[in-house]
Amino acid sequence: MSAAEVPDDDGVPRHDVPRSGRSGFTIVDGRQVHYLEWGHGGLPGVLCLHGGGQTAYMYEELGAAIGHRYHLLAPDLPNHGDSDPMVDGFGPSGIAATLPALLDQFGLSRVALVGASLGGLSAIAFADAHADRVAAIALIDVGHRLEPEGVRKIIDFMAAHESFASLEEAAAEIAKYLPQRKDVRPESLTRNLRQRSDGRWEWKHGFGRRFRGLPRESHPADNLDTFLAGVEESAARLTCPVLVLRGAASDVLSQQGAEEVAALIPNARLETVEKAGHLAAGDNPHSTVNLVSSFLDELRW
């Protein structure tokens, strides 16, 4: 019987335990970090970093598929999910700076990184600063050149809704935003939304509040050069094997952009996730899991 099937007549809250894995909390440098975990310390380590506005649960399919042969750790990034925010310095380099202490806490000296979007940029920054701790990287739909209109679409959606009256309302809005998704189940959205004392549901990230009040000229989509500053140089310095995945229908990472970042990184190759956009792991989890797991299985660390 899974956690979701345990009767709750005694009033004990049900914790959202990932399939075949574990969910927990730890304190790292004074910050609470929520994480998902599969496998154990005797297996090769894999650190999975989710995208902006997402949570660690985006890696549930990957963890369930490879957790028997890898020790896979997926934290909620700062300012996301059930992890505490950062006081300052939020961004790829700031996130990367929080990772050594997290890895040390779990006894992970050297890992393969899987990073989607913001998590991918953070993976590049971490590998550039700590090359000795990184065995390989799988980048999911991210590079040093991104498409402004695709980024604008993401930011505008996250900023559009201060809160939702119900999970059903949230599901309806997400379905409009992601029409390629076959089904958006309201009950699954508690992983991305939390209920306030007034009964409304708000995102488990601070992007909506952060971007809603920005003047038009400060829109992130119009300032990508600033946000991506240094990424090209860091990517060119990577020495480990790198898999670049692009969603075939992505409006954030173009085919040209994907080819450019794969050519820039010395030991990289490019693969395509068919029937997927920027959110490749959610659009086509089967293909994404197969491509990432095949890449990891080629390596030894």
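Which residues touch the most other members of the largest nonpolar core? Leu-47 and Ile-137 do, in a core of 64 residues.

This is a predicted model: local features need pLDDT of at least 70, side-chain atom pairs count only at pLDDT 80 or more, and totals for chains, interfaces and linings use all residues. Residues are numbered from 1 along each chain as its sequence is written, and side-chain values use heavy atoms, without hydrogens and water.

**View 1. The largest nonpolar core.** A nonpolar core is a set of buried Ala, Val, Leu, Ile, Met, Phe, Trp, Tyr and Cys residues joined through side-chain atoms within 4.5 Å. Buried means under 20% relative accessible area (1.4 Å probe, protein chains only). Of the 64 residues here, Leu-47 and Ile-137 touch the most other members. Helix 4 (residues 118–129) gives the most, with seven residues. Helices are DSSP runs of H or I, at least four residues, and strands are runs of E, at least two, numbered from the N terminus.

View 2. Eight strands line up in the order 1-2-4-3-5-6-9-10, with mixed pairing. Two strands pair if DSSP finds at least two bridges between them. Strand 1 (22–28) and strand 10 (268–273) are the edges, each pairing on one side only. Strand 1 runs antiparallel to strand 2 (residues 31–38), joined by seven bridges. Thr-26 has Val-33 of strand 2 as its bridge partner.

**View 3. Two cysteines without a disulfide.** The whole structure has zero disulfides (cysteine sulfur pairs within 2.5 Å). The sulfur of Cys-240 lies 15 Å from the closest cysteine sulfur, in Cys-48, too far for a bond. Cys-48 is buried, at 0% relative accessibility. Cys-240 is buried too, at 8%.

Conventions: Buried < 20%, exposed > 50% of the residue type's maximum accessible area, 1.4 Å probe, protein only.
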